[in-house]
Amino acid sequence: MTGRPSIILFNPSTWRGVGDATAPWGLIALAGLLPEVDFHLVDQRFSPNWETEVARLLKGGNCILAAATGMTGVQLRGVLSFFSLVKLQRPDLPTMMGGIHASLLPLQTVAHPNIDYVMVGEGEEVLRSFVDDLLAGRNPQAVASTRTEGVIGAAYQGAVIGAGCTTFRHATIDDLDRLPRPPHHRFAMEPYIGRTSYGRTLSVLTSRGCPHGCAFCLYSNPQFSSRWRGQSAESAVAWMSELAATYAIDHFHVQDDNFFVRGARVQSIVEGLAARGPSFTWTVGGAHVLHLRKLPVSFFKLMRRAGCVRLLIGAESGSREILERIGKRQDPTDIIEVNERLLEAQIRPIYSFISGIPGETDADLKATVALMEKLRKPGSKVDVGTIKPLVFYPGTDLYQWALDNGFVAPQDVAGWTHVTWDRYLELPYPWLSQERRRFLIKLYYTSLLWSPDYHWVNSPLFTGAARALMPITRYRMRNLDFRGSLMPDLLRLLQHLALS
Ligand code: B12
Ligand code: SF4
C-alpha cells in the first residue's frame, strides 16, 4: 500500500450514559513525535458506529498499526472488541495496547491472542522508535515470534514487549517540556468540549504522577511512585491560553493527579493566569490536603482571581485509623481548615470518600459521616461528594493485601473486564460478607442523595428529590440506618440501566 503511513488509535468507553467527555490526552500525545504519520482516533464514546469506522480505516490507506488504550475494568471490553475486529479483518496488521492496565499487567495483557505488543509506561518516545522500525521494514512480528526476552529495537527495549517476553521496563519521560505539547490541532477536538454549567469545558493535564503512595492508588506501585513531573508554569499557561483561544473554551478541568506538588510552579501558574486576566475559569481535579494546608487564604484568593472556581480533594475518610492504614498523610482537622480557607476565597470544595477498607468498622464510617457534616457549611456550596466502596485495583498496596486475603485475580485480560464497581456484589472479596457489601452499597447511594448538587449528576429531578428527602437522609447517614429505605435500590437500578 502507498501513501502516508497511518495509525488507528482507539479510545474505549467507560460506561454508557456517564456523559464523560474527557479528552484522551494519552493518545493525542502519542502523535506529538510522529509528524509524518496520520493518526485516526476512534473514540467509542462518540462513535456509535465505531466498528464500521474501523473497518473502513483498515481497508483504505497505509495503516501500519492498530493501537488502543485502557483502564482496568469496563474499558477493556471495548479494547478487546476493537482488537478482535482488527484481527478478523487484517490478521497481518500489528496491534498494540498501552495505558494503565497494560502497563500494570503487561505480560498477561500481551498473552492475549489479538494483542501483538504492549507498551509499558509513557509512550511518546518509545512509539517513535517502534514506528521507525516498522517504517524501515524491520518486522517486529517476526522478531517477536522468536520469543527472545526484552526483544526488538534497542531504543525501546523492554518498554514494548511482544508475546513470549518475560521481562519489561517502565518507560518514563523525565522532563515533560522536552515533549512537544499534545498536537490537538491534528485531531477533531469538538467532542471533547463538554457543555457544563461553566460553559464550554475541556480537560487538560499539566503534570504526571504523584509523590504520595496512598495504598489504594496507582502511586503505591513502585513502578509509578515518586515520579511527579510537571510542565513548566510558562508552558502550562501558554497551553491553556492557546486551547482557550483555539476552541473558545470557557472552563478547564485540570485533571492532574496532584496539581499542588511544587509550590513555586503552582504560584507561577496562578500568577501567570491572573496576570493575563483569564477569559476562562478552571477546576483543579487532584489535590492532597498536605500541600493545601500550607497555602494561606490570600493564595486561594489569588487562585480565585486567576479563574479557579472548584477544587477536588480526596478526603477519603474521617477516621484517623483508616487514614493511617491507607497511608493518607492527612488529618481530618486539616481538611476542615482547608475547607474554611477555600470557602473564604469563594472556591468551591468538592470531596470524595471511600469505604470498604480492610478492618473498617461502623465507628470509622460514622467518623466519616461526622467529618462530612462539619464540611457542609449551611448556605455554602461545599460538595461533600459520596462514600464509594473501594475496588482493589492491580498494582496497588491494597491489591497485594487482597491477594494475601483470598482475592483470586483474573487470569486474563477478559477476566479484568468484570472488576468494576457496579459488580461490587460479585467481586471475589472473601473478607467482605454479602450483607456488608449491600450495606456499603446502601451507604454509597444514601451519601449520593445527601449531595443534592453532586457535580457528576447534573439532574434537576435528582436535585429536587434529594432536597425533599434531606431530613430522612440525614438521619440515615448519621445512624448508618438504611432499614426499609428504597431510594438506594432505586438509584442503583437507575444507574445500572444507564450504565449497562
Ligand atoms: C481522565 C481519567 C479518567 C476519565 C477517563 C477518560 C478516558 N479517556 O476514557 C474518567 C473520568 C471517565 C475516569 C474514570 C475512572 N477512573 Co480514571 N483517570 C483519569 C486520569 C486522571 C487521567 C488519564 C490521563 O489522561 N492521563 C494522562 C496521560 C498522558 O497518561 P496516560 O493516559 O496514562 O497515557 C500515557 C501512557 O499510559 C501511554 N499510553 C496510554 N495509552 C497508550 C496506548 C498506546 C498504543 C501506547 C503506545 C501508549 C499509551 O502513553 C501515554 C503518554 O505518555 C488518570 C490518572 C492518570 N494520571 O493517568 C485516572 C486513572 C486512569 N483512573 C483510574 C480509576 C481507578 C478510575 C475509575 C475506576 C474511578 C472510579 N472509582 O470510578 C473510573 C472508571 C474507569 C473505568 N474502569 O471505566 C485509575 C486507573 C486504575 C486502573 N488500574 O485502571 C487512575 C490511574 C487514577 C489513579 N491515580 O489511580 N478516569
Ligand atoms: S494523593 Fe491522590 S494521586 Fe497521590 S497517591 Fe494519594 S490518592 Fe493517589
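Helices (H or I, at least four residues) and strands (E, at least two) are DSSP runs, numbered from the N terminus. This is a predicted model, in which local features need pLDDT of at least 70 and side-chain atom pairs count only at pLDDT 80 or more, while totals for chains, interfaces and linings use all residues. Residues are numbered from 1 along each chain as its sequence is written, and chains are lettered from A and ligands numbered from 1 in the order in which they are written.

**View 1. The shell around ligand 1.** A residue belongs to the shell if its C-beta atom, placed from the backbone, lies within 6 Å of the ligand. Elements that each supply at least two residues of the shell around ligand 1 are α1, β3 (62-69), β4 (95-98), α4 and α6 (124-135). The most comes from α1, with five residues. Of the 38 residues around ligand 1, those that come nearest are G26, T69, G73, G98 and G123. By class, 19 residues of this shell are nonpolar, 15 polar and four charged (Ala, Val, Leu, Ile, Met, Phe, Trp, Tyr, Cys and Pro count as nonpolar, Asp, Glu, Lys and Arg as charged, and the others, Gly among them, as polar). Domain 1 (5-162) and domain 2 (187-499) each give at least three residues to the shell around ligand 1; the domain bounds come from an automatic or database domain assignment.

**View 2. The shell around ligand 2.** The residues that surround ligand 2 are C210, H212, G213, C214, C217, Y219, D257, N258, G286, H288 and G314. Four of the residues in this shell are nonpolar, six polar and one charged.

**View 3. The contact between the two domains.** The protein chain is assigned domain 1 (5-162) and domain 2 (187-499). Their centres, taken over C-alpha atoms, are 29 Å apart. To the contact, domain 1 gives 25 residues and domain 2 gives 20 residues (two residues are in contact if their C-beta atoms, placed from the backbone, lie within 7 Å). On the side of domain 1 that touches domain 2, two or more residues come from each of α1 (25-30), β2 (38-43), α3 (75-89), α4 (100-104) and α5 (106-110). That side of domain 1 has 14 nonpolar, eight polar and three charged residues.

**View 4. The largest nonpolar core.** A nonpolar core is a set of buried Ala, Val, Leu, Ile, Met, Phe, Trp, Tyr and Cys residues joined through C-beta atoms within 7 Å. The largest such core has 132 residues, and A67, V118 and M119 have the most contacts inside it. Helix α17 (residues 434-449) gives the largest share of this core, seven residues. The core lies between domain 1 (5-162) and domain 2 (187-499), because both give residues to it. Beyond its neighbours within four places in sequence, V118 is in contact with M97, A102, P106, T109, V110 and I161.

View 5. Most residues other than glycine have a negative phi. E316, which is not a glycine, has a positive phi of about 65° and is found in strand β13 (residues 308-316). Is E316 buried or exposed? E316 is buried, with 26 other C-beta atoms within 10 Å (buried means 20 or more other C-beta atoms within 10 Å, exposed 12 or fewer, and partly exposed in between, with C-beta atoms placed from the backbone). L480 has a positive phi near 45° and lies in the loop between α19 (470-479) and α20 (487-499). L480 counts as partly exposed, with 15 C-beta neighbours inside 10 Å.
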